Amino acid sequence: MIREPPGPEGPPKRKRDTTENAVERLELRRHAPRDGTRDALSARGRAMAEDVGRARRIRYDAVFVSPAERAAETAAWILRGAGHPLPPDHAMIPGLAGQDASGGSPEGMAAGVRALLEQVPDDGIGLAISHTPLVERAAAGLTGEEVEPMRECEGLLITRADDGTITVDELRLPAEA
């Protein structure tokens, strides 16, 4: 498996053992801090998302966002920080905002994540921006285990191996001073 160097959030916190033959990965992150008066990022949110991108320096093969403007802005600022353009494969996904038949249930979020993994090229990595508690519900639906609530810009690294095994690693940011 290709492993990214740890950023300021440190190495991913393991939820399950991973395999060395992973073929698709998806970072599912909560959006950055929003402006209190509208559906847009605050100045702090833009800086935080850019810092995450700068620390990770990943060239994403696909980008997916919820319909919320703050989700699209988070993706844009992460890409800006990473120094990479928006990839050709990108889309707005209503399910990332819980707008699916399940209402964002753990099972519905897990099914949505599996569908997004299908859109990530072999040996590729995608970025998906969602919301809390939907990120946490995806983890529960995929692993059967609860995770602590995600702070802004935190998320999960979801890896599907060539045998179909899915593993989930938490991507946590350092505690704020």
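Both faces of strand 5 are covered in this predicted model: Gly124, Gly126, Ala128 and Ser130 on one side, and Ile125, Leu127 and Ile129 on the other, are all buried (under 20% relative accessible area, with exposed meaning over 50% and partly exposed in between; 1.4 Å probe, protein chains only). In a regular strand the side chains alternate between the two faces of the sheet. Because seven of the seven residues of strand 5 (residues 124-130) are buried, this strand is largely enclosed by the rest of the structure. Helices (H or I, at least four residues) and strands (E, at least two) are DSSP runs, numbered from the N terminus. The model is predicted, local features need pLDDT of at least 70, and side-chain atom pairs count only at pLDDT 80 or more, whereas totals for chains, interfaces and linings use all residues. Residues are numbered from 1 along each chain as its sequence is written, and side-chain values use heavy atoms, with hydrogens and water left out.

Strand 3 (residues 62-65) runs parallel to strand 5 and is joined to it by four bridges, where pairing requires that DSSP find at least two bridges between two strands. Within this pair, Val63 stands opposite Leu127 of strand 5.

Leu127 is also among the contacts of Glu27, a residue of strand 2 (residues 22-30). Glu27 is buried, with a relative accessible area of 0%. Neighbours within four places in sequence being left aside, Glu27 is in contact with Arg56, Ile58, Tyr60, Ile125, Gly126, Leu127, Ala128, Leu156, Leu157 and Leu171, contact meaning heavy atoms within 4.5 Å. Between Glu27 and Asp169, the C-alpha to C-alpha distance is 9.5 Å, although 142 residues separate them in sequence.

The axes of helix 1 (residues 43-56) and helix 2 (residues 69-82) come within 6 Å and cross at roughly 45°. Axes are lines fitted to C-alpha atoms, for helices over the stretch in contact, and angles run from 0 to 180 degrees between N-to-C directions. Helix 1 and helix 2 are therefore oblique to each other, since angles under 35 degrees count as roughly parallel, over 145 as roughly antiparallel, 65 to 115 as roughly perpendicular and the rest as oblique. Arg46, Ala49, Glu50, Val52, Gly53 and Arg54 in helix 1 meet Glu73, Thr74, Trp77, Ile78, Arg80, Gly81 and Ala82 in helix 2.

Helix 4 (residues 134-143) is likewise largely enclosed by the rest of the structure, because eight of its 10 residues are buried. These are Leu134, Val135, Glu136, Ala138, Ala139, Ala140, Leu142 and Thr143. Gly144, with a positive phi near 80°, follows helix 4.
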